[in-house]
Structures are given as C-alpha cells and as structure tokens.
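Please read it alongside the sequence and the model.

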Amino acid sequence: MGSMHQHPQKPNGNGAVEQYDVIIIGAGVVGLYQLYRLRKMGLSVRVFEDADGVGGTWYWNRYPGCRFDSESETYGYSFSEELSREWDWKEHFSGQPENERYLNFVADKFELRKDIQLNSRVSSAVYDESAHQWEVQVEGGQRARAQFLIGAVGILSAKYTPPFEGMDSFEGLSFHTSNWPKEKVDFTGKRVGCIGTGATAVQLIPIVAKEAGQLTVFQRTPNYCAPLRNAEVAPEVQSQWKATYPEIHKRCRESPTGFKYDFDPRSALEVSEEERLALYEELWALPGFKKWLGNFHDIMTNMEANETFAEFVRNKIRERVNDPVVAEMLVPKDHPFGAKRIPLETHYYEAYNRDNVLLVDIRKAPITCITPKGVKTQDAEYEFDVIIYATGFDAVSGPLTRIDIRGEGGQTFKDKWAAGPRSYLGLQSAGFPNFFIGMNSALCNYTVCAELIVEWIADCIGHLREKNLASIQPTLEAEEAWVDHANELAAGTILTAADSWFVGANIPGKKRAVLLYANSAREYRKKCHEVAANGYEGFVLR
C-alpha cells in the first residue's frame with residue numbers, strides 16, 4: 001500500500017556515507033511520530049524501514065481478524081488535534097486495513113515520506129567513539145551516519161517460529177501470521193492447520209473456521225480469552241469523540257493504564273461474593289480490556305483475589321463450548337488470569353462447536369516434525385493444504401538483539417541484553433551513547449506511552465544540541481537500580497507467574513527476565529519528567 005507513494009530511492013552500496021543528525025530504525029507508530037517531532041526541531045532525519053510501506057505492526061500483520069484490542073479513540077495519536085478531528089474511526093476496535101490506512105494518512109498529512117526510506121533493513125549499527133556518531137549499514141551496502149540513533153522497532157516485531165524438523169519439506173502453503181501474504185488467501189474447502197492459540201490465533205481462528213473445509217488447531221497452552229464486543233462507530237459517537245478529544249487524551253495520559261478506565265480501588269476479597277460476582281458480570285458485558293484493567297486492583301497482585309476472577313472466566317468458557325471434553329482443553333488451569341496477555345475475541349470459543357474444527361493438545365502429544373503432507377505429532381499425522389504458524393514473537397529484546405548493534409569498546413547489544421533488558425528508564429543502555437530505545441515496554445495502552453517516549457527522546461536530543469554536548473548515556477549505577485526496580489515491581493504482581501512472552505519464556509534458550517515495566521503509565525511519566533527536570537539525573541552528558 002505504502003509503495004504506491006513516492007519515497008526516497010535506495011542508493012546503491014558504493015556511494016559515500018550519508019550524514020544526518022538522527023537515524024531512526026522503523027516507520028511504525030513510534031518511528032512516524034519521532035520523525036515528526038525531530039523534523040519540527042529543524043533536524044535532518046532519515047528513517048530506515050524494512051517493509052515497502054509504513055505502519056510497522058499494522059503493515060506486517062495482515063492476517064484475517066487482525067485488529068486493535070485498545071479502543072480506537074484511545075489508540076490514535078493525541079499530538080495533533082487537527083489529525084484527531086480529520087480522521088473517522090469506523091469501528092470501536094479498528095481492523096488492520098483501516099489501521100494501516102490511518103498511519104499512511106499520518107505520513108501523508110505531515111509529509112513524512114520524503115525522509116523515510118522503505119525496503120531498507122538495517123543490518124548493523126556501530127558507535128564511533130572518537131566522532132560520537134553512529135554508523136548504520138543497510139542490507140545491500142548503503143551506509144549512513146548520525147549523532148543520534150533511535151531503535152523504533154516495536155516490541156512484537158521479531159517473529160518466532162519453532163525450528164520444527166522438516167518445515168521446508170511441506171508441499172502446501174505455509175506462513176507465519178506476521179508475514180501474511182498481501183493478496184487474500186482463499187481457504188475455501190481447504191485443510192488448514194493452525195499452530196498456536198495466542199492473541200493472534202484467537203483473532204484468526206473464527207474467520208478461517210468459517211471458510212476452511214477442515215481446520216485443525218494445535219494448542220500448547222489455553223488462554224483466558226475475553227469477549228471484545230466490537231461494533232461500528234455511530235455518527236453521533238464519532239461527533240462526540242471529535243468534540244472531546246482533548247478530554248479523552250488527558251484521561252488516557254492520567255490513567256494508570258493509558259486507557260479510559262482505572263482499577264477498582266477495592267479488594268476482591270473485601271466485598272461479599274454477591275457483590276464481587278455482580279462486578280464481574282458487569283465487566284464481562286463491557287467491551288475491551290476493562291475486564292482486566294478496570295477490575296479489582298488486587299487481581300493483579302494477590303493470587304487468592306486473582307483466583308476468584310480466573311474461576312469466573314473458566315466458567316464463562318465452559319458455558320460457550322458444547323463438548324465438555326473440548327471445553328476443559330480450552331480452560332487454563334496452570335497460570336493466573338492476566339499473567340499472560342489477555343486475548344480479546346469474537347466468536348472464538350464458538351469456533352470449536354463447528355464440525356469442521358478439531359483441537360489437538362500438543363502438550364500431551366507434541367509435534368515431532370513437519371512432513372511434506374502436513375504435521376506429525378507423537379500420536380498421529382495430519383494432512384494439510386495450508387499451515388499457519390501463529391507461534392508469536394521474540395518480544396521486546398528480540399527486535400534489537402537481532403540487529404548487530406555495537407557500542408563502546410565493540411560491546412554488542414546482544415551480549416549486553418543476554419540476561420534480559422538492561423536499561424535506564426527503558427530508554428537507554430549504558431555503553432551505548434546516543435542510542436535511544438524508542439519502544440514502549442510499559443504495561444499500558446501502546447500509543448499513550450509511545451508518545452511520552454518520543455517526546456522525552458526529542459526533548460533530550462534538543463537539550464544536548466542546545467548545550468552543544470556530544471553524547472548522553474546512563475551510568476551503570478542508574479541502570480542497575482532501574483533493573484532492580486523493574487524486577488521488584490514485577491515481583492509484586494502476578495506477571496511472572498506464567499511461561500509467557502512477558503518474561504521471554506516462549507523462546508527456548510532465552511534467559512527468563514521481566515520484559516515489561518509493570519508500573520502505572522502515570523508513575524512512569526512522572527519518573528521520566530523528574531529525571532529530565534533534574535538535569536538528566538543518572539545520565540552522563542559529555
């Protein structure tokens with residue numbers, strides 16, 4: 001889609017090294033806004049984007065059913081009132097094609113394309129200590145240098161496919177959900193295998209089930225899925241949003257989660273069972289994440305409180321699945337509610353009531369290999385025309401450690417982060433001066449925290465330019481204290497109580513570490529502002 005628009009041509013590999021003030025890797029939600037902010041400051045900026053269009057996540061994930069699980073009016077950017085007024089969201093939880101259109105609309109409205117180079121995958125970034133500059137190499141040989149480098153690579157962009165034996169031998173069609181073909185895939189009458197039942201698969205399965213001749217779902221871990229309850233946006237609601245966007249955005253900025261709701265201040269254990277169930281039913285009937293992030297505050301910190309809601313959700317699942325054996329396979333019993341990302345669904349459980357859908361438990365009978373005809377488990381062999389790998393991502397650290405980033409003394413970012421993210425404020429890592437981590441790993445509405453990060457980075461670069469400083473990086477002490485603080489926060493919640501991507505446990509060999517910052521969006525914002533106001537306390541400015 002983006003490739004229809006003009007964009008900088010990729011120079012050949014033998015030219016001179018291009019020079020910019022700032023280089024940004026990635027043209028998704030963060031990259032586009034970061035470019036807008038830095039350009040307004042009069043800086044020369046080049047964005048290198050791997051895809052042939054802008055949009056990041058919303059470019060790559062084209063699978064059927066892909067959509068926001070944040071309310072559309074809270075996910076859109078808040079930096080331009082004019083933009084908010086000009087754009088109409090068609091659904092309360094907007095789908096991928098519209099989200100991609102929105103980000104293209106942003107790129108056009110603010111004339112961002114002239115500084116974005118598409119089809120340009122960054123292979124390495126090396127810090128030149130004497131010049132205080134980063135040299136970036138793009139696949140194909142092109143080189144560019146800048147004082148500042150920003151990795152706006154997204155937290156879920158490094159796809160993970162288990163190394164099943166025989167994958168290349170499969171004779172049918174196969175792809176990872178984040179590399180979905182641009183042209184429509186026709187499943188009519190086909191035998192389809194879907195490996196995985198995470199948030200992506202939960203959106204995809206009900207749609208494929210309606211089209212396919214036979215759909216076989218391979219599940220390792222059942223999830224607590226909650227109803228999305230999506231709907232089209234009525235014209236009067238659209239008008240109301242447009243009239244009140246400043247209030248909506250203020251509410252999101254001030255709320256602990258970046259959404260339009262807060263946790264209930266009461267404990268799930270201090271109210272009567274009747275009162276508790278009444279709130280659970282009320283939340284269940286509402287759209288979106290309020291069932292998770294507008295619930296009793298202690299369902300995220302107290303196992304006993306959590307179990308009251310977990311059992312409520314299990315019973316909701318049982319009610320929707322006709323076959324009691326299949327229902328029990330779909331009910332999570334090995335982790336608390338909210339210890340993994342909560343997938344929001346539309347008719348997901350009903351898909352298993354269809355005659356053409358089969359659920360296979362690969363904990364009991366693991367997949368042994370992919371064959372030319374399909375998938376082989378310890379118990380059986382299944383023949384397919386199409387295999388879908390809904391097998392997730394090497395989250396948060398993966399997108400950065402897969403690029404060869406080298407800081408002071410040639411230290412690699414991959415080595416630095418081998419035992420988990422090591423940063424200060426989630427924004428910089430010691431030993432990598434002038435390299436900013438432009439991605440939101442706070443546990444909050446993505447765009448709300450992403451805007452905070454973009455603005456902080458832009459202000460920081462502005463401060464360095466104004467004071468004629470060469471570099472900024474955190475002290476090892478500040479970094480160490482931040483890592484301890486992030487671990488301590490997570491330890492006080494149920495986030496570490498499951499083998500999820502929140503702790504990197506979905507990737508074999510990846511060291512278990514907390515990947516998300518489990519503080520409220522409000523507290524995170526406050527801390528970032530404080531550090532800057534105190535002359536970038538905890539950082540070394542040279």
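The side chain of Ser120 makes a polar contact with the side chain of Gln117 at 2.8 Å, a polar contact being a pair of N or O atoms within 3.5 Å, where within protein one must be able to donate a hydrogen and the other to accept it, and residues adjacent in sequence count only if both atoms are side-chain atoms. This is a predicted model: local features need pLDDT of at least 70 and side-chain atom pairs count only at pLDDT 80 or more, while totals for chains, interfaces and linings use all residues. Residues are numbered from 1 along each chain as its sequence is written, and side-chain values use heavy atoms, with hydrogens and water left out.

**Ser120**
- Ser120 sits in the loop between β3 (116-117) and β4 (122-128); helices (H or I, at least four residues) and strands (E, at least two) are DSSP runs, numbered from the N terminus.
- Ser120 counts as buried because its relative accessibility is 1%, where buried means under 20% relative accessible area, exposed over 50% and partly exposed in between (1.4 Å probe, protein chains only).
- The Ser120 side chain also reaches the backbone oxygen of Leu118, at 2.8 Å.
- From C-alpha to C-alpha, Ser120 and Arg266 are 51 Å apart in space and 146 residues apart in sequence.

**Asn434**
- Asn434 is placed in the loop between α14 (413-416) and β18 (435-437).
- With a relative accessibility of 0%, Asn434 counts as buried.
- A polar atom of the Asn434 side chain lies 3.1 Å from the backbone oxygen of Gln147.

**Cavities**
- There are four cavities of 30 Å³ or more; a cavity is a set of points, on a 1 Å grid over the protein atoms alone, where a 1.4 Å probe fits but cannot get out, and lining residues have an atom within 4 Å of a point.
- The largest cavity has a volume of about 60 Å³, a volume being the space filled by probe spheres set on the points, which are joined across faces, edges and corners.
- The elements giving two or more residues to its lining are α3 (72-75), α4 (81-86) and α7 (235-254).
- Residues lining the largest cavity include Glu73, Trp87, Trp89, Tyr245 and His249.

**Sheet β13-β14-β15**
- Three strands form an open sheet in the order β13-β14-β15, with antiparallel pairing; two strands pair if DSSP finds at least two bridges between them.
- The edge strands, each pairing on one side only, are β13 (367-370) and β15 (381-383).
- Strand β14 (residues 374-377) pairs with β15 over three bridges.
- Lys376 stands opposite Glu381 in β15.

Definitions and conventions
1 Å grid on protein atoms, 1.4 Å probe; cavity = no way out; pocket = protein on both sides within 12 Å on 5 of 7 lines; lining within 4 Å.
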